[in-house]
Amino acid sequence: MSTTENRKSAGYRLHYWQGLPGRGEYVRLAFEATGTPFEDVAFEPGRFDDHVPRPFAPPVLVHGDVLLSQTAVILDYLAPRLGLVVDDPMLRATSSMHQLTIADLVVEAHDAHHPLGPQAYYEEQKAEAKKRARAFIDHRLPKFARHFENILQKGPWLLGDAFSYPDLSLFQTFAGISHAFPNAYGRLAPELPALEAHRARVAALPKIAAYLASDRRRPFNDSGLFRHYPALDES
Ligand SMILES: N[C@@H](CCC(=O)N[C@@H](CS)C(=O)NCC(=O)O)C(=O)O
């Protein structure tokens, strides 16, 4: 075996900010759902200086000589290796499509509390956040949720009969949204029976259920993507 192959078999390392689930959680779920061992490393931007290309932002996956950022790309790389996507070009592209739609929703959920950008604290943009959250709750969240509801009515999974990684990501995103916006999401949920059943189905997968009950699972908090600020979740 060459040195390169040796390094590649050394395993997966995920680099992400400490103390919050964030986008790192989307990658963790792929490992946890498949019982794949991985190293969970605190993100240190300087550590990657000798690699090309340098990652812009975490999560970052290192696997042998491979270094990838962008959550959707990391998942697309891992999926065939972990058995989390169907071996068919059209279905693999469809999984990517779902993942990128979820990524759009994640950005919009984040921007509801940081409409002016991540460089300033929430406390410095509360008035703008209130307006943005209103628009998210009234327009964008229902549009995304109904989109996935329609797909899942043909379920049980996003690809129909085949489970794939965006099922994990959708679960994580709506877990986050129901944490951040319990009132708004609570009003919408009765319209979303297939999406709610899908959330329960993912949570009941034996390896995911064990993970959710473990101390490896990081709770949502006010440093992450999905923050519960009551002022942004009024009826
Ligand atoms: N599109 C990227 C976004 C990555 C990203 O925004 N990461 C956040 C943490 S979840 C970050 O640290 N961003 C720093 C920055 O944008 O300057 C992805 O989906 O992975």
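Reader: Before we start, what counts as a cavity here?

Author: A cavity is a set of grid points where a 1.4 Å probe fits but cannot get out. Keep in mind that this is a predicted model.

Reader: Okay, and which residues line the largest cavity?

Author: Its lining is made by Pro-21, Gly-22, Gln-172, Phe-220, Asn-221, Gly-224, Leu-225 and Phe-226.

Reader: What volume does the largest cavity have?

Author: About 30 Å³. The structure holds one cavity of 30 Å³ or more.

Reader: How does that lining split by class?

Author: Four of the residues lining the largest cavity are nonpolar and four are polar, with no charged ones.

Reader: Switching to the ligand: where does it sit?

Author: You'll find the ligand in the largest pocket. That pocket has about 800 Å³ of space.

Reader: How many residues line the largest pocket, and which lie nearest its centre?

Author: There are 36 lining residues, and those nearest the centre are Tyr-16, Arg-23, Pro-58, His-110 and Leu-225. As for elements, helix 3 (71-82) and helix 4 (89-113) are the ones that give two or more residues to this lining.

Reader: Which helix gives the most?

Author: Helix 4, with eight residues in the lining of the largest pocket.

Reader: And the classes for that pocket?

Author: The lining of the largest pocket has 21 nonpolar residues, ten polar ones and five charged ones.

Reader: Back to the ligand, then. Which residues surround it?

Author: Around the ligand are Tyr-16, Trp-17, Arg-23, Phe-56, Ala-57, Pro-58, Pro-59, Gln-70 and Thr-71. Sorted by class, that shell has six nonpolar, two polar and one charged residues.

Reader: What does Gln-70 do with its side chain there?

Author: A polar atom of the Gln-70 side chain lies 2.7 Å from a nitrogen atom of the ligand.

Reader: And Thr-71, which kind of ligand atom does its side chain lie by?

Author: An oxygen atom: a polar side-chain atom of Thr-71 is 2.8 Å from it.

Reader: What about Pro-58, is it backbone or side chain that comes up to the ligand's nitrogen?

Author: Backbone. A polar backbone atom of Pro-58 is 2.8 Å from a nitrogen atom of the ligand.

Reader: Last one: how much of the ligand does the protein bury?

Author: Taken alone, the ligand exposes 500 Å², and the protein buries 66% of that.

How values were computed:
Residues numbered from 1 in each chain as written. Predicted model: local features only at pLDDT ≥ 70, side-chain atom pairs only at ≥ 80, totals over all residues. Heavy atoms only, no water. Near = heavy atom within 4 Å. Polar contact = N/O pair within 3.5 Å; in protein donor to acceptor, adjacent residues only side chain to side chain. Areas by Shrake-Rupley, 256 points an atom, 1.4 Å probe, with all protein chains shown as cover. 1 Å grid on protein atoms, 1.4 Å probe; cavity = no way out; pocket = protein on both sides within 12 Å on 5 of 7 lines; lining within 4 Å. Sits in = over half its atoms within 2 Å of the grid points. Nonpolar A, V, L, I, M, F, W, Y, C, P; charged D, E, K, R; others polar. Points joined across faces, edges and corners; volume = space filled by probe spheres on them. Helix = DSSP H or I, 4+ residues; strand = E, 2+ residues; numbered from the N terminus.
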